[in-house]
There are 2 protein chains.
Amino acid sequence: MQNQSIQVEVCAVIFSLKNSRLSVLLLPGETEHFANSWRLPGKPIRPGSSLEELAGNSIQEIFGDREFYLEQLYTYGDLDRHPDCQMVSVIYFALIPSNEQIIECRNELQPTWFAVDELPRLDMDHHSIVEYALRRLRYKLEYSAVGFELLPEFFSLSELQHTYELILGAKLDKRNFRRRILESGIIEPTPHRRMGEGRPAQLYRYQDDAIAEVKARRLFP
Amino acid sequence: MQNQSIQVEVCAVIFSLKNSRLSVLLLPGETEHFANSWRLPGKPIRPGSSLEELAGNSIQEIFGDREFYLEQLYTYGDLDRHPDCQMVSVIYFALIPSNEQIIECRNELQPTWFAVDELPRLDMDHHSIVEYALRRLRYKLEYSAVGFELLPEFFSLSELQHTYELILGAKLDKRNFRRRILESGIIEPTPHRRMGEGRPAQLYRYQDDAIAEVKARRLFP
DNA sequence: CCAAAAGTGTTCTATGTACACCCATGC
DNA sequence: GCATGGGTGTACATAGAACACTTTTGG
C-alpha cells in the first residue's frame, strides 16, 4: 500500500481578505491521485534552505518580494496522509494584506482565493489543516496584534474592527473595540485621513515594536 | 562547512518533578562534536512510524509502557543547527508523573534528570529548545489542566498547588487556588485520604473527560 | 438639509485578589 | 495538649459588557 520512502515538505496556509471574506490561497491539486481537488502551496525540503525560508519562498513566488506575517503552525506526520509515501508536512501560516495582488507571471500556477467557509475539495488532510490554521488565527486575534497584518499600511479603526468581526465571525462593540485597541498602544495615529461617504476617518498605522508587549495580554474576551 | 544532506529527527523534552524541582531528562551528548554536553532524547525518522509514535517510543524506551502527556512543540529547521548536516528536529514535550521511575535496563543510556534552573551544557540549540518548552508549559498551566500530568493518579490539593507553584515559580493563594480548581470541575474527589503529619488530606483524581472544556478558560491570571 | 460613517463616556456586572482562623490527626 | 498540614468565606478592587447620541463630511 505504502512504500518505504519518507518525503518532507513545507506548506503554507495563506490567509487574506478578498471581497470582504476571509480567504485562503490554493493551487490545483496533483491530478494523479486527487482529481478535481486543490492543495496548499508548498515544496519539498532541500539542502541549503531553512524551513522558514522555504515557506517564505513559496509565498514570494506568488506575491513577489513583499513582507508578510509568517508563523509555523504544526508538523503533520501520520502514516495515512498520502497514498504513495509517508509524507511529513511542516505547515506555516501567513497573513497577506488585502491590497496585495498575485503577480501576473505566476498565473500558470492558477493560484486561487477561496473563502474559508466555501472551501473546495482538498488533497490529503489539507482541509483539516486549514481548519486548524483558522482556529489558531481566531485564537491569536484575542491575545495578539495579528489582525493588522491583513490590512494595508494605513487603515481606519472601522476597517480594523470589520477585519476582526470577519475573522471572529461575531459583531464587536464599537466603543469597547476602539478603547481597547487604542489603550493597548499597538497602533499610532497618522496625519492621513480617509475620505468617503460620511465623516472622514482618522488613519492609523501599526507600531511593530509593540507586538511583544501585547502578546501576553488578551485583547478580546 | 556543511554537506548537502538533510537529516530529520524527532526529539522529546521530558519534564517531571524530581526532588521537588521541575526537571528535564537528558542523555549524554554525542562526543564527536559536543564534548561534555548533553542532549534531548530522540531518534531519526524512519518509514513506518508517525512522528508522534517516534516521540512516544523514545520515551517508552526510558520509562516503559506508561501513559503520559505528549504534545508537539515546534519544528526546528535552521541551517546552522548542526556542524555536519542540515538537521530538522520535530520536538515534542512530555510530562511524566513524579512517581514514575527510569527502567533499570536502560541505565546504559545514562538518562539523567536536571533541574530546569541548573541545566548543563547542551548540544546544538537544545538549550533554547528546553527554554521554549518551559515557557510553553508555564503558559499552558494558566489555561489548561496540564498540571495533573506531573502527579500520580491520586493527589491532594496541596500537592497540586505545590506543583503549580514550582512550575510557575510563584506562590499562589491557597483559598483562591482551591476554589478555582474545584469550580473548574477538572478533578473529582476519591474515597482515599493521605495520612501523614497533620490532618489527613482528601485525595482527588483527574477527570480526563474534562480537559476539552477547560482548554478555553484561563485558570490563573 | 439629509444620508452616511466617525467618534465619544458612563453604569453595571463579573471576575480576580487579599486576607485569618478553625479542624483533624500523630506523637 | 501541641505541632503540623488541611480546610474554609467574605469584602474589596479591577476588568469586561452593555448601551445612544453627537460630529463631520459629500451630495
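This is a predicted model: local features need pLDDT of at least 70, side-chain atom pairs count only at pLDDT 80 or more; totals for chains, interfaces and linings use all residues.
In chain B, B:Y69 has its bridge partner in β6(B), namely B:L95.

How much of β6(B) is tucked away? Of the 10 residues of strand β6 (residues 86–95) of chain B, 10 are buried, so the strand is largely enclosed by the rest of the structure. Burial applies to both faces of the strand. B:Q86, B:V88, B:V90, B:Y92 and B:A94 point one way, B:M87, B:S89, B:I91, B:F93 and B:L95 point the other way, and all are buried.

The contact between them draws 17 residues from chain A and 17 residues from chain B. On the side of chain A that touches chain B, the elements giving two or more residues are β1 (6–18), β5 (69–76) and β6 (86–95) of chain A. Sorted by class, that side of chain A has nine nonpolar, seven polar and one charged residues. Of the interface residues of chain A, 100% are also interface residues in chain B, so the copies meet through the same surface.

Further along chain B there is an open sheet of three strands, in the order β8-β10-β9 and with antiparallel pairing. Its edge strands, each pairing on one side only, are β8 (154–156) and β9 (187–194) of chain B. From one strand to the next, the twist averages 45°. β9(B) and strand β10 (residues 201–206) of chain B run antiparallel and are joined by five bridges; B:P189, for one, has B:Y204 of β10(B) as its bridge partner. Packed on this sheet is helix α3 (residues 157–168) of chain B, which touches β8 and β10 of chain B and whose direction makes about 80° with that of β8(B).

How do the helices of this region sit against each other? The axes of α3(B) and helix α4 (residues 174–184) of chain B come within 11 Å and cross at roughly 105°, which means that α3(B) is roughly perpendicular to α4(B). From α3(B), the contact uses B:L157, B:L160 and B:Q161, and from α4(B) it uses B:K174, B:F177, B:R178 and B:I181. By class, the residues of this helix contact come out as four nonpolar, one polar and two charged.

A:R21 lies in strand β2 (residues 21–28) of chain A. This arginine has 14 C-beta neighbours inside 10 Å, so A:R21 counts as partly exposed. The C-alpha atom of A:R21 is separated by 7.9 Å from that of A:V116, a residue 95 residues apart from A:R21 along the chain.

Note on methods:
Residues are numbered from 1 along each chain as its sequence is written. Chains are lettered from A and ligands numbered from 1 in the order in which they are written. Two residues are in contact if their C-beta atoms, placed from the backbone, lie within 7 Å. Helices (H or I, at least four residues) and strands (E, at least two) are DSSP runs, numbered from the N terminus. Ala, Val, Leu, Ile, Met, Phe, Trp, Tyr, Cys and Pro count as nonpolar, Asp, Glu, Lys and Arg as charged, and the others, Gly among them, as polar. Two strands pair if DSSP finds at least two bridges between them. Axes are lines fitted to C-alpha atoms, for helices over the stretch in contact, and angles run from 0 to 180 degrees between N-to-C directions. Angles under 35 degrees count as roughly parallel, over 145 as roughly antiparallel, 65 to 115 as roughly perpendicular and the rest as oblique. A residue is buried if 20 or more other C-beta atoms lie within 10 Å of its own, exposed if 12 or fewer, and partly exposed in between; C-beta atoms are placed from the backbone.
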